[in-house]
Amino acid sequence: MARPKTEEEIALMRENAILVSRTLAEVGKAVAPGVSTAKLNKVAEDFIRDNGAIPSFLGFEGFPAAICASVNDVVVHGFPSDYILKEGDIVTADIGTLYKGYNGDSAYTFPVGEVDAKTRKLLDVTKASLYKGIEAAVAGNRTGDIGYAVQSYVESFGFSVVRELEGHGIGREMHEAPGVPNYGRRGHGPRLIDGMTICIEPMVNAGSRSVYLDRNGWAVHTADRSNSAHYELTVVVRNGKAELLSTFDFIEKDGKINF
């Protein structure tokens with residue numbers, strides 16, 4: 001059973017979540033054609049360490065980098081590498097920090113230069129589905145209410161939700177109970193309690209929902225090689241309305257990437 005956090009714990013997690021949010025914005029400033037994903041990793045790791053935190057992904061179960069950098073058909077857990085971003089690519093930066101004993105976790109899919117209309121729609125729908133899920137993250141609801149909100153919105157646009165991966169609780173551990181699927185039925189799953197801290201993170205494919213695991217044991221790809229988008233925020237379950245801990249405000253202005 002997930003343990004709700006105290007207000008003191010939530011205050012520490014809020015500091016952490018803001019740091020993750022600022023780190024994502026720093027990475028976003030570096031996203032451009034001609035830049036390697038290894039460069040994005042360096043930007044993030046330097047910023048995290050310069051602010052007194054630890055990149056929690058680095059070494060986690062053997063993961064070799066400070067961030068996940070997932071390009072185009074990679075859903076999640078892409079390794080930063082010498083791959084050079086090209087105009088029309090998309091790249092998801094998923095970033096974790098350990099700060100004052102608590103974990104932060106957030107993700108954002110960045111367009112590289114101009115992207116085609118279908119890809120732009122995929123990004124917009126995936127991000128909007130995250131906020132639909134957040135609206136359902138209120139005390140008394142269940143995780144299935146979040147999953148239903150995400151799934152029904154995504155599928156109404158002809159896109160598909162990945163089933164094998166999900167959001168999660170967060171706190172002193174990076175992954176805590178409950179699991180938060182991006183599909184489901186209303187009224188099913190663990191009950192949400194005031195003070196729970198969870199990460200909601202829709203992973204949405206432009207084509208089929210089928211995925212496969214790379215032979216490196218980490219990167220998850222779409223089976224049909226279609227693009228995939230992924231957005232993640234950390235929230236506190238509250239009575240009536242969820243409270244955002246992390247934010248995209250450092251990245252966006254008026255809903256548009258602002259660099």
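This is a predicted model: local features need pLDDT of at least 70, side-chain atom pairs count only at pLDDT 80 or more; totals for chains, interfaces and linings use all residues.
Me: Why is P4 called partly exposed?
Reply: Its relative accessible area is 28%. Buried means under 20% and exposed means over 50%, so P4, at 28%, falls in between and is called partly exposed.

Me: Which residues is P4 in contact with, leaving aside its neighbours within four places in sequence?
Reply: They are E9, I193, D194, G195 and M196. Contact here means heavy atoms within 4.5 Å. As for V237, 233 residues apart from P4 along the chain, the C-alpha atoms of the two are separated by 8.9 Å.

Me: Let's step back to the whole chain. How many helices and strands does the chain have?
Reply: There are 4 helices and 17 strands.

Me: What makes the chain as compact as a globular protein of that length?
Reply: The globule rule gives 18 Å for 259 residues, and the radius of gyration of the chain is 17 Å. The two values are close, so the chain counts as being as compact as a globular protein of that length. Its C-alpha atoms fill a box of roughly 45 × 45 × 40 Å along the principal axes.

Me: What share of the 259 residues is buried?
Reply: Buried residues make up 56% of the chain. As for the surface, the chain exposes about 10800 Å², with carbon and sulfur atoms supplying 50% of it.

Me: Now to the rings. How many aromatic pairs does a search of the whole structure find?
Reply: The search finds 8 aromatic pairs.

Me: Why is the pair of Y108 and F110 called tilted?
Reply: The ring centres are 4.7 Å apart, and a pair needs centres within 6.5 Å, so these rings do pair. Their planes are at 45°. Under 30 degrees would count as stacked and over 60 as edge-to-face, so this pair is tilted. Both Y108 and F110 are buried.

Me: What makes Y153 and F157 a tilted pair?
Reply: The centre to centre distance is 5.0 Å and the angle between the planes is 55°.

Me: Which residues do ring pairs link into a cluster?
Reply: The cluster holds Y108, F110, Y131, Y231 and F248.

How values were computed. Residues are numbered from 1 along each chain as its sequence is written. Side-chain values use heavy atoms; hydrogens and water are left out. Helices (H or I, at least four residues) and strands (E, at least two) are DSSP runs, numbered from the N terminus. The radius of gyration is taken over C-alpha atoms; the globule rule is 2.2 Å times the number of residues to the power 0.38. Buried means under 20% relative accessible area, exposed over 50%, partly exposed in between (1.4 Å probe, protein chains only). Accessible areas come from the Shrake-Rupley method with a 1.4 Å probe; for residues, only the protein chains shown count as cover. Rings of Phe, Tyr and Trp (its six-membered ring) pair if their centres lie within 6.5 Å; planes under 30 degrees apart count as stacked, over 60 as edge-to-face and the rest as tilted.
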